[in-house]
There are 2 protein chains.
Amino acid sequence: MVNRQAAARQAGPGSEARPRGRGRPRSFDRETALEKAILAFWEHGYEGTSVSDLTEVMGIGAPSLYAAFGDKRSLFAEVVTAYGTRYGSFSDRALTEERTARAAVARMLREAAAEYTEPGRPHGCLVVHAATNCTTPEVEDSLRERRNANVAAIESRIKAGVAAGELPADVDTAALARHTGAVIQGMSQQARDGATKEQLEAVAELAMRVWPCP
Amino acid sequence: MVNRQAAARQAGPGSEARPRGRGRPRSFDRETALEKAILAFWEHGYEGTSVSDLTEVMGIGAPSLYAAFGDKRSLFAEVVTAYGTRYGSFSDRALTEERTARAAVARMLREAAAEYTEPGRPHGCLVVHAATNCTTPEVEDSLRERRNANVAAIESRIKAGVAAGELPADVDTAALARHTGAVIQGMSQQARDGATKEQLEAVAELAMRVWPCP
DNA sequence: TTTTTTCTGTAACGGCCATTAGGGAAATAT
DNA sequence: ATATTTCCCTAATGGCCGTTACAGAAAAAA
């Protein structure tokens, strides 16, 4: 019986290159299914997305899901990682590619305004919203650690800026970093609550006024 | 059978004064039970708190809960209202009691840092976190409306400040208000993620730098 | 072709969810 | 005292949860 598209036999790009096994190959593209799972978890959160929801949007049966991704927890873990590389990388890029700490943070905030309101996909940030009030503490903690790591990365970039002489030596790097993290997370919440790209860009621009004069 | 404390016969203070009915009075204090429900929903969110959890912390059976508060939805609605008056009123007080818009917002942010990290109770704001990724859209929307109403109240106070000549007439009141809302919501998230009162106060103080010089 | 391996679909598992029916207990009113 | 009203406890409801046994289909290897 072939009631679903039997496309992409060869295990889509980016999948762990299995040694071309002997049996029947899976009939769905793993990466495409993972993308659907990302969107579902992004929009409805970890507990708001049932396995039933997942099998529906991924277009596969429950046994196929468990065979390809393990249980719900490990699928979510993979989703979070893939989200980071596919949708959350703007943050790291801003921090590494800009010449000054100030420019890095300004770009990070400006791009967040666009990313969090991009049409055709869920608003806001998966890492901020997908595991709030989670019955499974490990899941909630995993995203909390990512958020705190993000703040730490911002502080580390700011410290580098201070070391480079861009900023006064007495600047409170920890407070500046936490402020940036709070603004980003607040922008994500605002995006979920209906704020537009332009409104968030105005917030981002305002937030940069806390920096010492350039 | 009397296995629970039979205190507070007279329907606690603040309860809707029933006409002193004829039958057996309820054996628990409604306000105390409601307070326990507030704490439970505050910490674990609407869907993260089961009716089973509620009956346990409230110290009553499920039928008593349904008789006294209606179903889970209406209990949550009452919880949100009571939370607003018992724990969330600092915001309105700051907006109405201070002489200038700037002082009002500064106090609001400063007090949020303390409220959101108060020991002995859940961190952060119930309105921000208790209905994220909710399977019941009405519940999620009800808190969203409260958040947006809060931003609107801030903007209204800022506009009054402009009208009073405290601020330049060309200030972007909407952006300033949304920025304040985003910072508060971000502070709430940071409090949930482990930030201390002092760290949040530093964020609040930084955030006030976006205001035009006083 | 036959054999072997893996995937897929059906259907079920126990467990927790929110909610409530029903009977007996408790307290007031008479 | 009895009658009346209301509450509380036990236990159950149907429904969805995440997960998996099982059987058969499909494709590769021999």
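Biologist: Is B:Gln189 buried or exposed?

Modeller: Buried. This is a predicted model. B:Gln189 has 9% relative accessibility, and the cut-off for buried is under 20%, so B:Gln189 counts as buried.

Biologist: Which helix does B:Gln189 lie in?

Modeller: Helix α9 of chain B, residues 173-192.

Biologist: And what does B:Gln189 touch?

Modeller: Leaving out residues up to four places away in sequence, B:Gln189 touches A:Val128, A:Arg147, A:Gln185 and B:His129.

Biologist: On to the two chains. How can chain B be laid on chain A?

Modeller: By a turn of 180 degrees with a shift of 0.0 Å along the axis; the RMSD is 0.0 Å. That is how a two-fold axis relates copies.

Biologist: Which C-alpha of chain B is nearest the axis?

Modeller: That of B:Gly186, 2.1 Å from the axis. Both copies use the same surface: 100% of chain B's contact residues recur in chain A.

Biologist: Back to helices. At what angle do α9 and α10 of chain A pack?

Modeller: About 170 degrees, with the axes 11 Å apart. The cut-off is over 145, so α9(A) and α10(A) are roughly antiparallel. The crossing is right-handed.

Biologist: Which residues meet there?

Modeller: From α9(A), A:His179, A:Val183, A:Met187, A:Gln190 and A:Ala191. From α10(A), A:Leu200, A:Val203, A:Ala204 and A:Ala207.

Biologist: Last topic, the core. How many residues does the largest nonpolar core have?

Modeller: 130. A:Leu75, B:Leu75 and B:Met187 have the most contacts inside it.

Biologist: What is A:Leu75 in contact with?

Modeller: Beyond its neighbours within four places in sequence, its contacts include A:Leu34, A:Phe41, A:Met58 and A:Phe69.

Terms used:
Residues are numbered from 1 along each chain as its sequence is written. Chains are lettered from A and ligands numbered from 1 in the order in which they are written. This is a predicted model: local features need pLDDT of at least 70, side-chain atom pairs count only at pLDDT 80 or more; totals for chains, interfaces and linings use all residues. Side-chain values use heavy atoms; hydrogens and water are left out. Copies are superposed by least squares on the C-alpha atoms of residues with pLDDT of at least 70 in both. Contact means heavy atoms within 4.5 Å. A nonpolar core is a set of buried Ala, Val, Leu, Ile, Met, Phe, Trp, Tyr and Cys residues joined through side-chain atoms within 4.5 Å. Buried means under 20% relative accessible area, exposed over 50%, partly exposed in between (1.4 Å probe, protein chains only). Helices (H or I, at least four residues) and strands (E, at least two) are DSSP runs, numbered from the N terminus. Axes are lines fitted to C-alpha atoms, for helices over the stretch in contact, and angles run from 0 to 180 degrees between N-to-C directions. Angles under 35 degrees count as roughly parallel, over 145 as roughly antiparallel, 65 to 115 as roughly perpendicular and the rest as oblique. A crossing is left-handed if the near helix is turned anticlockwise from the far one by less than a right angle, and right-handed if clockwise.
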